[in-house]
Amino acid sequence: MSLSPSSLLILLLSITAVSYLIGLAIDLLELSSTRTELPPEVTAFYDPEKYAQSVRYHREHGRFSLWTGALGFVASFLMLLTGGFGWLDHQLRYWVTGDLPLALAFFGVLALASDLLGTPFQWYSTFVIEARYGFNKTTARTFWLDKFKGYALGALIGGAMMAAMWWLIAWAGDQFWIWFGLVAAGVMLVLQLVYTSWLLPLFNKLTPLADGPLKTAIEAFATRAQFPVQHILVMDGSRRSSKANAFFSGFGRSKKIVLYDTLIEKHTTDELVAILAHEVGHYKKRHIVSGYILSVVQVFFMLFILAQMLHSETLSLALGAGEVAMHVNLIAFAILISPLSGVLGIWMNALSRRHEFEADAWARHHFSGAALASALKRLSVESLSELYPHPAYVWLHYSHPPLLARLQALEEG
Ligand SMILES: [Zn+2]
């Protein structure tokens, strides 16, 4: 890289500011575009009072997010401007020796500091805003327990990934990115496989679905759709939030379907099967496999670029460090890559929205479009989802198409 540290710092600051301003502009468009009249497709499900409440929820949540976004931006901008990352590196060198312990301490401190900064906001969002609209079922105890479990898990997974990376860099030199990509691909595969067996039970209680009409209907559908299911589980999602959800995980024959108890409570058997049919549609259309392959390609690509930046002295100096430090360069890499990862994210969201339409179409063809439409309306009412999101906001943020677009596609076929 031929840039001087000071021009590189200007580039880093500009990227941070421009991407914040683009996000802010789109947020403001979204906040100002909310329409309040109720579309005829959903009048049977939404009562006007509830919809008005939904609009208020979105406005309040949106305005609150403006503050957390601004705080995050100011914090990272100031850290860059004042050489805070280099300063932290310098301080830690008095206490910690060795490349890996230094890197672990560096990211440990940064993660802890940014989480502490964000905690009052998470608290307010959960216990004030969500509670006001009846979403929150979390107690203070669960809030803190989740946080500490999250810390432990983050330290374990983050620490292991970083140790693996540092070890691979020492062992494989400039070729480390190939090896690290292979390790990451393996870890992602294992996580996908053990997510419901190992990770979910840490945070939630999973019990097998009891015999009854629902189980019979799901099994009949699974047989007809030639979808091998090993277990159907119910998750006590109601302990945290009344927002409903369903998914399955695992590959091959070890697939498990997980339904939130809140989902079962609120939907008819046909609607529940239709929701599962949508999920099975993702599987049949190979969205899960192609999503995995895309993520792996993305990881390799990012690692290749990282390998070109990791030992750059200019990057470390630009962030205020006195000498080359790989962990400081990781921060610079994250910022420099963000325009590219932003574009990739927009593309992945567009792909994901297309996949949602395909899964809906599959469910319509193999089960029932009407049952899925009514399930989607009910889900949308329960989560108070936005009926008229601004197109720019959908383009940037939505991994799922807005409700009205999905209903229209289900009707037209
Ligand atoms: Zn889907």
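Biologist: Which helix does Thr-126 lie in?

Modeller: A quick word first: this is a predicted model, where local features need pLDDT of at least 70, side-chain atom pairs count only at pLDDT 80 or more, and totals for chains, interfaces and linings use all residues. Residues are numbered from 1 along each chain as its sequence is written, and side-chain values use heavy atoms, with hydrogens and water left out. Helices (DSSP runs of H or I, at least four residues) and strands (E, at least two) are numbered from the N terminus. With that naming, Thr-126 lies in helix H4.

Biologist: Is Thr-126 buried or exposed?

Modeller: Buried means under 20% relative accessible area, exposed over 50%, and partly exposed in between, using a 1.4 Å probe and protein chains only. Thr-126 comes out at 16% relative accessibility, so Thr-126 counts as buried.

Biologist: Which residues is Thr-126 in contact with, leaving aside neighbours within four places in sequence?

Modeller: Contact means heavy atoms within 4.5 Å. By that rule, the partners of Thr-126 are Ala-131, Asn-136, Thr-138 and Phe-143.

Biologist: Let's look at helix pairs. At roughly what angle do the axes of H3 and H4 cross?

Modeller: Two packed helices are described by the angle between their axes and the distance between the axes. Here axes are lines fitted to C-alpha atoms, for helices over the stretch in contact, and angles run from 0 to 180 degrees between N-to-C directions. The axes of H3 (residues 84-92) and H4 (residues 99-132) come within 10 Å and cross at roughly 130 degrees.

Biologist: Why is H3 called oblique to H4?

Modeller: Angles under 35 degrees count as roughly parallel, over 145 as roughly antiparallel, 65 to 115 as roughly perpendicular, and the rest as oblique. The crossing is at roughly 130 degrees, which makes H3 oblique to H4.

Biologist: Which residues of H4 does H3 meet?

Modeller: From H3, the residues involved are Phe-85, Leu-88, Asp-89 and Leu-92. Their partners in H4 are Leu-102, Ala-105, Phe-106, Val-109 and Leu-110.

Biologist: Which residues make the contact of H5 with H12?

Modeller: The axes of H5 (residues 140-172) and H12 (residues 326-382) come within 13 Å and cross at roughly 110 degrees. That makes H5 roughly perpendicular to H12. H5 brings Met-162, Met-165, Trp-166 and Ile-169, and H12 brings Met-326, His-327 and Leu-330.

Biologist: Last one: which residue stands opposite Ile-257 in S4?

Modeller: Strand S4 (residues 256-260) is mostly covered, with five of its five residues buried. Two strands pair if DSSP finds at least two bridges between them, and five bridges join S4 to strand S2 (residues 231-235), the two running parallel. Opposite Ile-257 stands Ile-232.
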